[in-house]
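Okay, thanks for coming, everyone. Let me put it up.

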Amino acid sequence: MRLKRLSESAILLAVALIIFRIEATVPMPIAVPGMKLGLANVVTLAALFLLPKGWVYGILILRVLIGSILTGNPMSAFYGFAGGTLCYLITMLFWKTVKPNQIWVLGVLGALFHNLGQIAVAIGLTQSFAIIGYLPFLLFAAVFTGTLTGWIVQLLIRRLTSIPSYRERIDHYFPKGEQK
Amino acid sequence: MTNRKWIFIFLSILLLSLVGMYAVRIFPSTQAIAVVQVSGKEVRRIDLSAVTEPYTFEVMGKDGRNTISVAPGSISVIDADCPDRLCVKHGPLKNRFSPIVCLPNELTVTLEQKSGKIDAVSR
């Protein structure tokens, strides 16, 4: 069982890293530092339904660490840790209260708090409070990118529940009758 | 919580961030360095917080000349011989998000944060 979890986590981490790396090469139309789609959060969110919480956090931290090396920007690890941890915490907080057709909400909440953490670290590292000026832009974008990533997870989970072996694992989180 | 409530919350955040973006436009960032570029090449770099006396200077652009006025904490294009004079209408450069641009002369005036570390923000 433990070995299965380990291999599943490794696969999810690999998928997250690939998404993260590809995303880093996609230019954003608006030049606000730190703005990105956050598609790698799809993996973290989906993993919540498949793996124990500790493993999910492990995937997240390793993705940030290895991702920062892969993109050649080790400093981004600091932003990633703060953003990722806040994102994880808020997702955990609302995870139980959210219905299967509201998984997209987790995406938005995660994106919003990821940006809050990122800005907090940026202010701390540069000692320049003016960076807070980026916050409205990041939050504005986060509502849209978060809806996108959360919605992808919602579709993914819905599809996964049509595979019997996954259905058992995911049904565990959603009481019967609330599916769909 | 219903989907509708969540949508309401997120729409309010959108609205608030729009207000925030507007606020960013109003409040000037005083601790800034103005960078004047022509065709992508830097021609002048002015520490706006170090300016004590207002002065003007001219920049020869690709297609004509722009007159730039510098005052303590502020920089603006006050005259240009281009047809649309959008750079003059832009008024003083207030923040990093709305640089002064004169397309005919390929001139841009942008603000840079004094501690140039902003480029290190996570991608």
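Predicted model: local features only at pLDDT ≥ 70, side-chain atom pairs only at ≥ 80, totals over all residues.

Let's start with a helix pair: the axes of α3(A) and α4(A) come within 9 Å and cross at roughly 160 degrees. Axes here are lines fitted to C-alpha atoms, for helices over the stretch in contact, with angles from 0 to 180 degrees between N-to-C directions. That makes α3(A) roughly antiparallel to α4(A); the cut-offs are under 35 degrees for roughly parallel, over 145 for roughly antiparallel, 65 to 115 for roughly perpendicular, and oblique for the rest.

Residues are numbered from 1 along each chain as its sequence is written, chains are lettered from A and ligands numbered from 1 in the order in which they are written, and side-chain values use heavy atoms, leaving out hydrogens and water. Helices (H or I, at least four residues) and strands (E, at least two) are DSSP runs, numbered from the N terminus.

Back to our pair. Which residues of α3(A) meet α4(A)? Among them are Val56(A), Leu60(A) and Val64(A), and on the α4(A) side the residues include Phe81(A), Tyr88(A) and Trp95(A). Contact means heavy atoms within 4.5 Å.

Trp95(A) also turns up in the contacts between α2(A) and α4(A), where Leu45(A) and Leu48(A) are among the α2(A) residues. Those two axes come within 12 Å and cross at roughly 35 degrees.

Now, α3(A) by itself. Its buried residues are Val56(A), Ile59(A), Leu60(A), Arg63(A), Val64(A), Gly67(A) and Ser68(A). Seen down the helix axis, they fall within an arc of 150 degrees, so they line one face of α3(A); the arc is taken from the directions from the axis to the C-beta atoms. On the other side, Gly54(A) and Ile69(A) are exposed. Buried is under 20% relative accessible area, exposed is over 50%, and partly exposed is in between (1.4 Å probe, protein chains only). The cover over that buried face includes α1, α2 and α4 of chain A. Just after α3(A), Gly72(A) takes a positive phi of about 70 degrees.

One last stop, over in chain B. Glu106(B) sits in the loop between β6 and β7, and its phi is near 55 degrees, positive in a residue other than glycine. At 33% relative accessibility, Glu106(B) counts as partly exposed.
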